[in-house]
Amino acid sequence: MKRLEIDTRRGAGRPLVLAGLLVASLIITTVWYREGTGGPLHTLRTGLTAASQPFAVAGTWLATPFRGVGNWLSGVSVDQSDYRALKAQNLDLKQRLADLEEAKLENERIRQLVDFAEAQDLPTIGAHIIGRPTDSRQLSILIDRGTNSGLKVGDAVVAAGGLVGQVVEVTPWNARVRLITDPESGVAALVQRTRANGIVKGDLSGGLELDFVDKKTPPVVGDVVLTSGLGGVYPKGIVIGEVTAVASLSSDLYPVVSIASRVDIARIEEVLVLQAETTAAALPGGGE
Amino acid sequence: MNKILPPAGALLAAVVLQVALAPQIAVFGVVPNFIFLVVVTLALVEGPVAGGVCGFVGGLLFDLLGTSVVGPYALVLTLVGYVAGMLSASMFAEGWLLPVTVVAIASLITEITYAIVLAVLGVATSFWSSLFTLMLPSALYHTVLVVLAYPWLARVLRPERQIKSFRRLA
């Protein structure tokens, strides 16, 4: 009898409460669209981004040894002999080798970034990635530079291989960068060989698609896709990626073009923020 | 006041875990959602009203953590929290099967509803592509996580119940 009473209470719904909460959600969505970037919801998000930075940094910092151990274990074959001293020495040397290897790789990455920055001929700021995407749908990263370093909303972010994304939110100490692989991202692009214009959009599988390309000049696999500079958000000529597949049915208005970024976005650790003097602000739609 | 503290603490912990831990344990791009797990667990142990309210607050926090429009996830998670609470009282499953079934169904409903809401707001994504790359893998991931987390989470969210086994939890 007692069990029955508990279950009845737990299962009892209150449709009015549900309706009230749903209406409140819709009002919040409307307010978000209506208010400016200085509105209370935008300010709240910026505050939460700033407040979450220590946790993002701590998470990345704590995960680094586990990644390192995983890499180390996968590369070590265990010697079962009795020479414990030699084994200990071996481990020590391996650790030193790993440290040197890490320093070498970091050096190479930074050298590539510096070369890339010189080629861009724009003022740049280097930044470390301190937070990875916290959601499967909204692909963004957190970097350790903010308005104190001169960053502003709309700045383009690149890595050695090409375009990474755009700053969409900035605090004095950090900034959130929407990746080009985010479904809400859009980049005005052109195919290097044919000069055909289009829009590169992200998809949920982490890939990129080139839309609105003229059917008369379809790209072919291997074509390089660059930013076109149209829209004023991204500077012209930054590599976005290479065409990996082209499909076109007679009923399609535009060919379906898949692109692979040259940047391994899941693994990059440093990025460059391009500081164009008159960078356009991030558009509500998330791109150009 | 005492009834609000455990869910509030669990939501706060979920937000911290979402920022610090979730990105580190993403599998093939699928990031687990700890806020969703707290909302569904609360709905299971406290019913639809608590699930709906927790869903609204948790969804709003999740929206604020992201880069997209604020509000849609609050809408979806409110609905899911409420429905999960209703499901818990009307399902015949018990023991570990109850949370696993409810989380699997709730995860799929959340992802599908969220995709529809985003599509209405103009954020177009390929449904069939995301079904196999995101929705089903997310449901599977959350189902695995709830097996590990549910017994502990349910104890935190409903401390007045003397819960000693998975069967009692259901």
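**Exercise 1. Phe28 of chain B**

Classify Phe28(B) as buried or exposed in this predicted model, then say where it sits and what marks its backbone.

*Solution.* 
- Step 1: count neighbours. Phe28(B) has 11 C-beta neighbours inside 10 Å.
- Step 2: Phe28(B) belongs to the loop between α1 and α2 of chain B.
- Step 3: check phi. The angle is near 50 degrees, a positive value in a residue other than glycine. Most residues other than glycine have a negative phi.

**Exercise 2. Arg195 of chain A**

Repeat the analysis for Arg195(A): which loop holds it, what is its phi, and is it buried or exposed?

*Solution.* 
- Step 1: find the loop. Arg195(A) lies between β6 (186-191) and β7 (197-202) of chain A.
- Step 2: read phi. Arg195(A) is not a glycine, yet its phi is positive, about 65 degrees.
- Step 3: count neighbours. There are 10 other C-beta atoms within 10 Å, so Arg195(A) is exposed.

**Exercise 3. Val45 of chain B**

State which helix holds Val45(B), whether it is buried or exposed, and which residues it touches beyond four places in sequence.

*Solution.* 
- Step 1: locate it. Val45(B) is part of helix α2 of chain B.
- Step 2: count neighbours. A residue needs 20 or more other C-beta atoms within 10 Å to be buried. Val45(B) has 26 C-beta neighbours inside 10 Å, so it counts as buried.
- Step 3: list the partners. Leaving out residues up to four places away, Val45(B) touches Ala154(B), Leu157(B) and Arg158(B).
- Step 4: compare sequence with space. Leu153(B) is 108 residues from Val45(B) along the chain. Their C-alpha atoms are separated by 9.9 Å.

**Exercise 4. Helix lengths in chain B**

*Solution.* 
- Step 1: In α4(B), 16 of the 19 residues are buried, so the helix is largely enclosed by the rest of the structure. Buried residues of α1(B) include Pro7(B), Ala10(B), Ala14(B) and Val15(B).

**Exercise 5. How α1 packs in chain B**

*Solution.* 
- Step 1: take α3(B), residues 48-65. The axes of α1(B) and α3(B) come within 11 Å and cross at roughly 25 degrees.
- Step 2: take α2(B), residues 34-46. Its axis comes within 8 Å of that of α1(B), and they cross at roughly 160 degrees.
- Step 3: By class, the contact has ten nonpolar, one polar and no charged residues.

**Exercise 6. Two chains and their contact**

Describe the make-up of chain A and chain B, then the contact between them.

*Solution.* 
- Step 1: count elements. Chain A has four helices and twelve strands. Chain B has seven helices and zero strands.
- Step 2: read burial. In chain A, 36% of the 288 residues count as buried. In chain B, 54% of the 170 residues do.
- Step 3: size the contact. It takes 45 residues from chain A and 44 residues from chain B. Elements of chain A that each supply at least two residues include α1 (2-11), α3 (40-75) and β4 (162-170).
- Step 4: sort the chain A side. It divides into 20 nonpolar, 13 polar and twelve charged residues.

Definitions and conventions:
Residues are numbered from 1 along each chain as its sequence is written. Chains are lettered from A and ligands numbered from 1 in the order in which they are written. This is a predicted model: local features need pLDDT of at least 70, side-chain atom pairs count only at pLDDT 80 or more; totals for chains, interfaces and linings use all residues. Axes are lines fitted to C-alpha atoms, for helices over the stretch in contact, and angles run from 0 to 180 degrees between N-to-C directions. Two residues are in contact if their C-beta atoms, placed from the backbone, lie within 7 Å. Ala, Val, Leu, Ile, Met, Phe, Trp, Tyr, Cys and Pro count as nonpolar, Asp, Glu, Lys and Arg as charged, and the others, Gly among them, as polar. A residue is buried if 20 or more other C-beta atoms lie within 10 Å of its own, exposed if 12 or fewer, and partly exposed in between; C-beta atoms are placed from the backbone.
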